[in-house]
Structure formats: C-alpha cells, structure tokens
Amino acid sequence: MANIFPLTKESDNFAKLGRLLIDGGTKALCSVLDGSIHPPGDLAVALYNNKTLLHNLWKPPTPRPRNWRKVLNDDQWYQLFPQPSLLPPSSESFDITLLTILLRNICPTLTAPATGWDALPAPTDKSKEGMIARIKYYRNKVYAHIHEAACDDDTFEKFWDPITAALVALGVNQDEIDELKKRPGSTECLKTLEQWCKTDIQQFEQLNKNVLALKRKVSKQGKKFNKKLKGVSQQVQQALNQRASSSNPDQDADHQKEAIKKLLTSLVFEYTEGSVSLITPLPWMEALSKHTLQHLFKNLLIAEDGSFVKLCDLFESDNTKKRILLEGNPGIGKTTVSKKLVNSWASHWQGHSERASDDIPPENIFPPETEIVLLVVCHDLENPNDWKDVLRQSLPEDLSDSAKDIILSYISDNKERVAIVIDGYDELPASSTKAFDKIFNSKVLQNSYVIVTSRPNTIKPDMRGFFRKLEIKGFDDLEVKEFISSYFTKSREASKRLKDRVKKDRRLADFVRNPLFLAMICVVFEDSEDRIKDDLTREDLYNEIVYCLTKRYCKRRNDDDVEGNRIKLRFNGMYLQLGKCAFKGLLKGELSADTAEDLALATQIGFLVKNCPRRQIRSQITLSFFHKSIQEFFAALYIADCLGKGVSGEESHLSLYCLSWRHFYLVFKFDIIALIDKQEIAGAAINIVKNLQKNRFYFHLICECLFICKDLMDKERILQDIRDNLRSNTVNFSCDDGLHINIDRALDGLCLLLGQPEIEATGIERLNLWHLSEFQNSFAKIAFELKNNSSLRTLIISSGAKNGLITESQAITGFVEVVMLFRRRMSSLDGRRRAASSLK
C-alpha cells in the first residue's frame with residue numbers, strides 16, 4: 001500500500017511555498033498594520049474605537065440585513081477583545097485572514113484595488129493595497145483550496161516570484177526569502193541522514209571489536225594492578241598519619257588569621273561602599289548618589305513597652321537579653337535599620353567618622369567586644385539546611401570553601417565576639433524557618449548578639465520568649481521634614497509645597513511616617529503634584545506608584561501619548577497577570593516571581609528586580625518583587641478582579657481560597673473591595689454571598705459592597721438577591737479596626753440592609769455586634785435603622801472598648817439607646833401579632 005504521507009520533491013516545494021506565504025505574509029501584513037496604520041501601543045485603543053463595526057462582522061446587527069454574512073469567527077473575536085485577565089491584543093498573534101479583515105475595515109487610509117479585495121490585481125497595480133490583495137489571493141490559491149500538499153517545479157516557480165515581489169514591496173527582506181528557497185528540503189536531508197547512519201553503524205561495529213579486545217587485556221592485568229593499589233594505599237595512610245602527628249599549630253593559626261582578615265575586609269567594604277550602604281526604598285533610586293545611609297538615613301522611632309529607645313542605645317539600655325526582635329509594618333524601615341546596624345560597626349572598624357548628632361553618634365552601635373557582624377538577608381537564602389548553612393550563605397562570595405569552613409569554626413569558638421543581624425524573617429519560606437530555630441532558642445551561638453527584623457506575629461510563639469521585643473514606629477515630624485528636604489535637594493519649592501500639604505492634611509501626615517510610603521509620595525509628587533489626593537488611601541497610593549512607574553517606562557520609550565485611563569487600558573492585562581503570579585508566590589510564602597510566566601515587561605517597568613545567582617554553575621537568574629507590599633498590592637488587584645468578574649475555574653478557586661484564609665486579614669494591608677471596579681461591585685457582592693459564607697468576615701465584605709451600591713438604580717434588586725442567598729439567619733459583625741476593611745463603609749452597608757422597608761424581610765434573625773464601641777457613631781446608626789427592620793429577633797452587643805476611644809458612660813448611653821429601640825420594636829411586633837390572632 002502506498003504511503004499517504006510521502007516525502008518527495010513536490011512536498012518540499014509545497015512546504016516552502018507555505019512558509020513563504022504564512023510566515024512571510026503574516027509578517028508583511030503585520031508590519032503594514034503596526035507601522036503605518038495602527039502602532040502596537042495604540043492597537044487596543046483602535047480596536048475599541050471600532051468595536052461596533054467589528055461586532056457587526058461577528059454578530060448580525062438588529063435588524064439583521066438581508067445580505068449580512070459572518071466575517072469574524074469566535075476565535076478571531078476573542079483575539080481582538082481578550083478577557084481582561086489576559087494580555088492585551090497583539091498583532092503578532094493574528095493570522096493572514098484576520099490581518100486582512102482589519103486592514104480592509106478599520107484602516108481608512110487604505111482603499112480597495114480596482115479589481116476589489118478578493119480578486120488578483122492587475123500586474124500594473126503596484127500599490128500597497130494591491131500587494132495586500134495579492135498575498136490574500138495566493139494564500140487561498142496555494143494553501144487554502146487544494147487537494148494535496150504537493151507542488152511540481154513549474155507551479156512552484158510560477159507562484160514563487162509574484163509572492164516574493166509582493167512581500168518585498170511590503171518590507172520583507174529579499175535575502176531571507178532567497179535563503180528559504182535555497183534551503184535543503186526534507187528529502188535531501190533524509191538522504192544525508194541515511195548516509196550518516198550507515199557510517200555510524202560501521203564505526204560502532206569497529207568500536208565494539210576494539211572494546212572487547214581491550215576488555216580481555218584489562219582482565220589479564222587486573223590481579224597485578226590490585227596488588228600495586230593495595231601497596232600504594234598503605235603508603236598514603238602512613239604519610240597521613242605522620243603529617244597529623246607533626247602538624248604545625250602556628251601554620252593553622254596563620255590560615256585562620258588570614259581568613260578572618262579577608263572576611264572583615266569584604267564585610268567592611270560591602271557595608272560602607274557596597275549595596276548595603278544604599279537606602280533604596282524604591283529600586284530605581286540606586287543610580288542616585290544621594291540615596292546612601294550617610295546622606296538619607298533618618299532616625300526611626302523604636303518603642304518598647306510605651307517608651308522610646310534610641311538606635312544608638314539599643315544594647316546599652318538592656319544588656320540582659322542578647323536576642324532582639326524588631327517588629328514593624330510593611331515599609332516602616334526594618335531593612336534600613338538592619339543596614340544601619342552593620343554600617344555603624346563597619347564604619348567604626350574602618351575608622352570612619354559619621355556626622356555627629358545626638359541620635360546618630362559616630363561610635364559603634366554594637367558593644368566594643370563585637371569583632372564580626374554578619375548580615376543575613378532572608379529573601380536571598382536558598383533553602384538553608386541548618387544554622388551553619390544560613391551563615392555560610394551570608395558570607396562573602398569571594399571566599400573559598402576552605403576559608404568559609406575556617407570562619408564558621410572561628411564563630412563557633414568565639415560566640416561572644418559575633419553579632420548576627422537577620423533581616424526580613426517574614427520573607428522566608430515556611431520550609432526554611434527550621435534552620436533558624438536553634439539560633440532563636442539559644443541552643444547555638446548562645447553568647448552572640450542576634451537581631452531579627454520582621455513583620456508582627458511571624459516569629460513562632462514558643463520562640464518569642466527568647467527575644468527582647470521592640471517595635472519600629474517610623475518617622476517623627478522632624479525626620480519627615482528632613483527626608484523631604486533630602487529628597488528634593490534640587491527643588492526647594494517642591495520640598496516646601498509637599499511639607500505644607502503634609503502639615504494641612506492629617507491623613508497624609510499619618511502616611512508619611514512610614515518611610516516607604518514617604519518615598520512613594522515623594523516620587524509621585526515629583527511627577528505630578530495633583531495626583532496626591534486630599535483623602536489619600538493606601539490603595540490610592542499604590543495605584544499612583546504603579547501609574548507613575550508605568551508612565552516613566554513609556555517616556556523612556558519615547559511614548560508620551562499615554563495618560564490616565566489609556567495606561568490602564570493598555571497595561572491592565574499585564575497588571576492582572578503579574579497579580580496572579582504575585583498571589584501564587586504569597587501562597588508559597590515566596591517573594592520571588594514565577595519565571596515560567598512572561599514577565600519581561602513587568603521587569604522593564606520596574607515592578608520586578610533580577611536576583612543575582614549565588615552559584616556559578618547551573619545557576620538561574622530569578623525575579624522578585626522590589627518590596628513585599630507591592631507583591632501584595634498586585635495580588636489584591638488580581639483577587640479584586642476575580643471577585644468582580646466572578647471568574648470561573650482556577651482564578652475563582654484561588655481568589656475564594658484567599659478570602660477564606662486568615663492570613664489574608666493578618667498580613668494583607670489592602671481593602672480588596674475598594675479595588676473592585678464600581679461597575680462590577682454588585683456582581684462581587686453576589687459572588688461573595690454565594691461562595692464565602694464560611695468565612696467569618698464575609699458579611700463585612702458584603703456590607704462594604706452594599707455601601708458602594710447605594711446609589712445604583714437597581715439597589716433594591718441587589719439587596720433582595722443578597723437576602724435570598726444568605727444561608728444562615730445569624731450574622732456576625734465586628735467593628736474591630738484591626739481588619740483591613742473599611743469599617744465605616746461596612747457599617748453604613750449594614751444599616752442599609754437592616755433598614756430597607758422595600759424588602760419584606762432581610763432574612764437576618766440574629767445579629768451579633770462585636771467591638772461596637774470602637775466607633776462612636778455606630779450606636780446612632782444601628783438604632784435608627786432597627787425601627788424599620790421586621791425580621792430581627794435577637795440582638796447581641798459586645799462593647800470590646802479599647803485604647804480609650806470612648807468613655808464608659810458614652811458606651812453605656814449608646815447601648816441603652818440601641819436596646820430600648822430594639823425592645824420597643826419587638827413589643828410593637830408582638831402587639832401586631834396578638835391583634836392579628838384575635839381577628840382570626
């Protein structure tokens with residue numbers, strides 16, 4: 001039986017023509033669309049502007065025209081308008097048919113050739129439109145309507161020249177086309193491979209004969225070799241024994257001294273002139289000479305049991321515990337403090353003199369007996385096995401393995417002369433925390449100073465007792481002003497305007513106490529002062545820094561025509577892809593990003609930074625977010641998008657899992673509901689009520705959504721849908737401001753649900769209110785709305801007053817008001833029931 005897939009000269013001809021048309025034609029039409037019609041950066045905008053026209057090519061308009069025919073299929077439509085969670089449309093992914101449709105319909109500068117778009121133009125037609133029509137014609141002639149994948153030599157030459165002429169006229173390189181034509185076909189390659197195979201078989205047979213002969217020869221020499229090997233082994237052992245008995249202690253001491261000297265030289269250079277000496281709250285600041293510890297470091301408030309401790313007195317005020325835990329919120333300056341600690345030791349060791357002040361003295365912050373200070377950066381560690389591996393990975397890379405062994409031995413024998421600064425313990429994957437346990441509980445390095453920086457509540461409870469605990473509070477007013485002055489060294493006017501804004505805006509004044517937030521605000525203010533809102537929220541600030549970074553990237557590429565919503569339209573797909581990657585990393589406890597994803601654009605913009613590999617062999621460059629909080633922000637964007645759109649499949653599973661995850665509320669600092677598009681907030685509320693009722697805080701999220709929906713026309717329908725989907729008649733509502741939810745909005749949403757006379761019943765029969773006294777106006781709101789509610793039967797109130805926010809008398813007055821109104825309403829309901837019963 002003949003082979004239905006023969007390899008012949010004719011099949012080679014067809015393959016070359018196919019590549020010429022498909023690869024060359026696609027590139028040619030793509031270059032026309034991108035180069036002179038719609039540049040890649042504006043393609044999404046152009047498609048959006050022509051969406052109605054393109055939709056009529058996909059779906060029939062109403063009323064349906066008699067001669068209407070479907071031009072775009074479903075796959076092509078979703079290529080032009082992909083789901084928001086995917087990357088924006090790219091002309092590089094379009095085929096010839098789709099490119100031709102776009103050129104014919106949305107490019108007003110192109111006009112149909114005299115013979116029309118679907119016929120072969122006349123040979124005298126050298127226009128751009130004629131070349132486009134030729135490519136489409138020959139694509140159908142050669143590739144689309146054929147009965148076999150073969151082409152004889154005459155037909156091949158007949159088609160090759162006119163197709164080549166059209167491609168070259170549209171910008172395809174002639175040399176590349178000629179190289180394709182001359183390239184050997186599969187039949188010629190097959191003949192060559194067969195010849196190689198025959199030669200290899202002959203060489204293998206000869207090699208096999210040689211191996212057998214060698215094997216016989218080795219077998220004869222085996223006994224003689226074994227006797228000689230035994231004798232050599234005995235001689236080597238005797239030499240080793242003699243060397244061990246006559247070792248030179250002075251020589252070992254010299255090796256140790258040399259290794260320690262090299263270690264100290266490397267550490268001092270790194271801590272005073274290397275990357276450790278830089279303060280880079282944002283990664284693109286590295287190139288600016290002013291962002292050094294010496295120039296930009298400002299004293300941070302460090303609190304212990306209600307009183308403040310100066311950084312220079314960290315060890316003098318309490319020397320009984322040598323394990324110190326410095327906790328602080330994201331961006332508060334934990335890494336900066338770690339750098340300052342090791343920098344002060346290095347500057348003292350080197351004999352450098354810092355600027356004198358009361359808070360930053362020139363002397364060493366560590367006790368004078370401290371000889372070695374190691375900085376351990378947790379997010380740089382690669383799966384450490386134990387505490388020695390932690391220290392080994394933190395030693396300078398220019399040290400040899402033998403030198404590192406000597407240093408580790410020296411540290412073990414001289415613990416009291418060593419200090420370990422462990423930065424960012426919260427950024428360590430859970431699988432690596434055991435490597436630190438023996439250091440934390442003083443089973444090793446008992447007399448060494450150990451300073452750990454971390455977010456709150458990340459050290460294991462059974463380990464916290466070994467630490468003296470302090471909290472980094474951030475900047476005071478004076479340090480804020482000095483930081484702003486240091487940043488705006490070339491613009492005193494801008495410095496003064498920002499200081500005035502901070503002075504007038506209480507909310508902004510709270511933000512700038514956080515060094516990272518202050519750096520972000522300076523960057524945004526430097527670009528556009530108007531983008532710093534008066535009612536700035538954390539979500540606003542991170543949105544602005546993302547906008548600012550993206551805009552700077554566009555300017556670097558001389559793409560200035562990108563402002564406001566155009567940036568979001570163009571880059572939103574990338575933001576959501578990065579958010580999904582960020583969320584997956586958080587679930588694994590990793591700051592790094594998945595290199596399997598295409599994250600080149602995010603790296604170019606500056607959201608991700610490249611990590612230099614520690615190993616030189618088989619090393620892989622990894623990517624990580626420049627700060628953990630920016631990773632959390634992108635993850636929050638992704639979750640908000642999933643909730644708003646009700647995305648099915650993996651996205652929905654991940655987002656719902658996140659909101660059922662207690663760690664989400666303890667670590668995430670973003671109000672997810674505030675990040676959902678307002679047009680999708682109603683759908684988000686229904687999505688939450690259907691899927692998250694096992695979450696103890698789900699009702700807060702629903703109430704916050706309701707508040708945002710209060711001005712919508714179909715508010716009553718949304719409220720009714722929520723009531724219909726509630727699976728329990730009991731709900732819990734806490735006014736604890738420790739939740740990263742807008743409690744004010746959530747409380748207003750609760751009142752909106754309780755006080756709707758249009759709804760027959762809210763479906764809520766038992767309401768548990770916790771920490772109600774945290775918000776003074778909550779009593780009046782609840783009391784006012786209860787009189788309209790007809791379904792509530794049980795009301796549980798817990799004050800939970802703390803921090804002296806309101807007085808006891810205020811709390812009691814508020815409770816009495818709520819309870820009395822509730823009792824009057826219940827009495828009224830009972831009276832109506834009795835009256836109805838008597839009528840029966």
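Asn383 is exposed, with a relative accessible area of 57%. In this predicted model, Asn383 sits in the loop between β4 (372-377) and α13 (387-394). Its phi is near 45 degrees, a positive value in a residue other than glycine. Most residues other than glycine have a negative phi.

Leu445 also has a positive phi, near 50 degrees, and is not a glycine. Leu445 belongs to the loop between α15 (434-440) and β6 (449-454). Is Leu445 buried or exposed? Leu445 is buried, because its relative accessible area is 1% and the cut-off for buried is under 20%.

## Parallel strands

Strand β12 (residues 766-770) pairs with strand β11 (residues 730-734). The sense is parallel, over five bridges. β12 pairs with strand β13 (residues 794-797) too, again in the parallel sense, over four bridges.

## Confidence along the chain

The protein chain has a mean pLDDT of 75. Of its residues, 72% reach 70 or more. Which element has the highest mean pLDDT? Strand β5 (residues 418-423) does, at 92. Helix α26 (residues 662-667) has the lowest, at 44.

Over residues 352-362 the pLDDT is below 50. Beyond near neighbours in sequence, this stretch has 20 contacts in the model. Residues 836-840 also stay under 50. For residues 836-840, the model has zero contacts beyond four places in sequence.

Terms used. Residues are numbered from 1 along each chain as its sequence is written. This is a predicted model: local features need pLDDT of at least 70, side-chain atom pairs count only at pLDDT 80 or more; totals for chains, interfaces and linings use all residues. Side-chain values use heavy atoms; hydrogens and water are left out. pLDDT is the predictor's confidence in each residue, from 0 to 100. Helices (H or I, at least four residues) and strands (E, at least two) are DSSP runs, numbered from the N terminus. Contact means heavy atoms within 4.5 Å. Two strands pair if DSSP finds at least two bridges between them. Buried means under 20% relative accessible area, exposed over 50%, partly exposed in between (1.4 Å probe, protein chains only).
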